[in-house]
Amino acid sequence: MTRRALQPMKSSELAEWALPVLCYVCEAANSRDTEYCRRCSAPMALAHQALGQTTRPKMVAILGPSGSGKTVYLGMLMDMLSRQPERLQIVARGAFSIGLQQTTVSALARCEFPAKTSTEPESWNWMHCEIHRNDALAASEPPSFLSRLARYTPRKRQTALTNKSSCVELVMPDMAGEAILEEVEHPQTFFLVRSLLRNSAAVLLLLDASELSRGQRDPDFAAMKILSCLKEIELQGGTGRKSRRSVAIVFTKVDQVQGCRENPEEFAGAYAPGAWQHCRQGFRDHAFFAASVVGGCTWLEVRGEGRRQIPLRVEPHGIIEPFEWLLEKLYPRGRP
Amino acid sequence: MEKHQDKLRLATIALFCLLNIGFGLYAWQMPMLIGGAAGMVYAAVATTLGLHHSAKPAEAPLPSSAPTIADEQPTAPSDTDALVRRMLAQSRHALLLRKQVVGNLHEDQFQETCEQLHACMALVPEGDVVLGNTYNDAEDELGGLTSAMAGRRMHVNPLFLDRYTVTNRQYYEFVTAGGYRDMTLWEPQTWTAVLDLVDQTGQPGPAFWQNGRYLPGEEDLPVVGVCWYEALACARWMGKRLPTDAEWVKAACWPVATGVTAIVQRRFPWGDSLDRSRANLWGSGPNRVVAATEFPTSASVGGIYQMVGNVWEWSANDFHLSPHQTYGGAAPLKSIRGGAFDTYFDNQATCQFESGEYPLSRRRNIGFRCAIGTCDLVLDLPPSALEDQPEVELAECEAVHA
């Protein structure tokens with residue numbers, strides 16, 4: 001025998017469920033219980049978190065060809081900022097934002113690289129985080145309007161003001177390199193990538209310095225395609241103008257390359273001339289950086305598994321600097 | 001060879017004199033320039049000849065070629081004191097205590113040398129050590145790469161190990177004594193590579209030095225930017241050698257046998273948990289190499305400092321792989337141990353963790369310390385008791401290498 005139970009119908013709740021939720025990335029309407037956007041496959045958790053906020057978090061696109069080190073860079077960046085909060089303090093929003101950090105750090109501690117990112121957008125890792133900048137660092141720079149105002153306010157209010165000025169929110173996805181290049185070369189293949197390229201406020205473009213130093217031009221060509229696509233999307237075919245989007249070109253795996261760490265821009269001119277030229281002519285705010293996560297790598301022939309590259313030890317260098325630079329471009333300290 | 005050098009020298013002097021006489025008072029600058037140029041040409045030729053000369057160890061097993069000390073050594077007994085003092089100042093006490101050399105020392109010199117040995121090096125007693133993961137109940141914490149080493153039990157003979165890593169100041173002595181020119185110190189297969197082991201200004205020396213010497217203020221920092229062969233050559237010049245993996249781990253872990261088969265080892269030189277205030281690692285130091293004497297609480301039981309953190313240390317062995325793994329790279333790696341100022345993970349800064357590096361790599365965070373077996377030294381016998389030993393002239397003891 002089935003027991004019948006009548007639930008009271010609350011019009012307010014029904015209306016809430018009926019209201020569409022706009023995807024954070026592509027702004028397509030989705031129903032409230034959808035997990036991934038039906039149009040671009042971005043997680044709807046981002047949209048739900050953004051609903052309750054007055055300021056919309058900004059998106060930073062982490063781009064680069066396959067194997068350039070996007071997953072390792074992003075995972076290590078999150079972990080380093082969590083472990084050493086003197087410069088920047090990062091707080092992940094939502095459990096899904098910690099997955100990438102956990103996967104990357106666990107693998108590297110075992111002297112392995114994390115698994116390759118799948119081309120399925122539903123399996124991509126996303127990070128939504130709050131970033132608190134250290135006020136001590138800000139003190140060394142010209143005082144902002146808020147900090148000047150804070151001097152004349154009561155102590156409790158003063159703390160609130162300064163905290164508000166140093167906390168920002170960012171959303172960063174870890175996309176597959178193949179998907180990025182596929183979308184750049186054949187538009188509308190990956191709608192999520194297209195939406196991210198259109199809506200991201202800043203770009204971190206990662207290029208494998210060890211490949212470039214060996215004379216391979218493929219990373220340079222990939223960078224040229226991505227930069228060209230970014231400029232086209234922003235300027236809608238307009239010529240003669242420069243993009244206002246900030247672009248940080250990060251040469252990765254520089255532990256295997258001599259000279260790159262000391263002068264990344266010179267390295268770019270010598271080994272990635274296409275990307276270097278595109279940046280100079282197409283982007284007003286751009287900078288070159290050098291980064292490495294591992295201190296050494298080698299190739300192993302493992303019986304039954306074939307040949308694979310393994311990290312010998314983890315010694316991160318230059319990971320935080322490009323991110324700090326982008327953050328300064330997105331949220332300048334001197335401005336309220 | 002000597003004849004050629006004499007002829008060249010005479011020709012240069014003659015040319016210089018002729019030019020000086022030939023030009024008048026107002027043209028005094030020209031002969032100086034020409035004379036200087038001639039001198040430089042002579043120096044270059046002589047250096048080349050000298051290099052070729054020293055690169056034939058088969059003809060000269062105890063060469064008098066490169067080391068400046070050997071050139072300056074007089075045979076008069078009164079100068080032996082000066083030579084001993086100088087060798088002690090160069091931290092070459094192990095060379096003086098070799099069986100073949102020690103007979104040249106007076107009683108007080110012998111005592112002084114022994115004192116310096118004990119001040120600079122710590123005694124690591126004989127015993128067994130387990131390389132790899134010794135925690136049977138723990139999960140595979142060292143990862144797939146190194147966990148296969150678990151349970152490698154090795155026996156270590158008693159040895160002395162440097163209390164501190166070799167510093168820039170000590171390495172400078174090796175460089176100025178002509179260490180890069182004395183080919184007997186180098187592995188024969190690296191002779192062609194030695195010419196390329198230069199600093200930022202093209203002078204022989206570690207990769208990050210300038211003009212053949214370390215940067216100001218860095219004299220007490222561990223020497224870095226040296227490849228495995230440079231480390232080995234310097235150790236040989238000091239009369240020592242590089243420690244093996246088992247020796248290094250034994251000195252750091254200080255194992256204690258609690259039964260016939262059981263061994264208790266430490267994870268870190270000071271205990272089982274990582275105390276970041278005791279080691280210069282990522283997040284616990286200034287993110288650069290610090291002086292070898294800093295972090296005094298990092299000492300192991302035997303009184304050896306900075307075995308964990310600051311700089312990785314070259315070991316004498318090849319990097320170890322498990323039986324089901326083989327190298328896919330170009331060349332085998334050498335083992336490095338101890339972690340450095342930028343080592344990120346705690347489990348990669350333990351005494352057991354082994355990493356690898358190509359033997360010709362000259363990294364910013366790899367240095368070395370030296371070892372010598374007690375069986376190679378004379379420690380407790382007075383020099384007079386060694387009369388039956390075949391003595392080597394002190395002036396020739398430069399050639400008695402490990």
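This is a predicted model: local features need pLDDT of at least 70, side-chain atom pairs count only at pLDDT 80 or more; totals for chains, interfaces and linings use all residues.
Student: What makes H11(A) and H13(A) roughly parallel to each other?

Tutor: Helix H11 (residues 218-235) and helix H13 (residues 273-282) of chain A pack at an angle of about 20°, their axes being 8 Å apart. That angle falls under 35 degrees, so the pair counts as roughly parallel. As for handedness, H11(A) passes H13(A) in a left-handed crossing.

Student: Which residues in H11(A) meet which in H13(A)?

Tutor: From H11(A) come Asp220(A), Phe221(A), Ala223(A), Met224(A), Leu227(A), Ser228(A) and Lys231(A); they meet Gly274(A), Ala275(A), His278(A), Cys279(A) and Gly282(A) in H13(A). The residues of this contact divide into six nonpolar, four polar and two charged.

Student: Good, now chain B. Why is Asp275(B) called exposed?

Tutor: Asp275(B) has 12 C-beta neighbours inside 10 Å. A residue with 12 or fewer is exposed, so Asp275(B) counts as exposed.

Student: Where is the place of Asp275(B) in chain B?

Tutor: Asp275(B) sits in the loop between strand S6 (263-264) and strand S7 (312-318). Its C-alpha is 9.2 Å from that of Ser298(B), a residue 23 positions apart from it in sequence.

Student: And what does chain B hold in helices and strands?

Tutor: Chain B has 11 helices and 12 strands. Of its 402 residues, 42% count as buried. Among its contacts between residues at least 6 apart in sequence, 73% join residues at least 24 apart.

Conventions. Residues are numbered from 1 along each chain as its sequence is written. Chains are lettered from A and ligands numbered from 1 in the order in which they are written. Helices (H or I, at least four residues) and strands (E, at least two) are DSSP runs, numbered from the N terminus. A residue is buried if 20 or more other C-beta atoms lie within 10 Å of its own, exposed if 12 or fewer, and partly exposed in between; C-beta atoms are placed from the backbone. Two residues are in contact if their C-beta atoms, placed from the backbone, lie within 7 Å. Axes are lines fitted to C-alpha atoms, for helices over the stretch in contact, and angles run from 0 to 180 degrees between N-to-C directions. Angles under 35 degrees count as roughly parallel, over 145 as roughly antiparallel, 65 to 115 as roughly perpendicular and the rest as oblique. A crossing is left-handed if the near helix is turned anticlockwise from the far one by less than a right angle, and right-handed if clockwise. Ala, Val, Leu, Ile, Met, Phe, Trp, Tyr, Cys and Pro count as nonpolar, Asp, Glu, Lys and Arg as charged, and the others, Gly among them, as polar.
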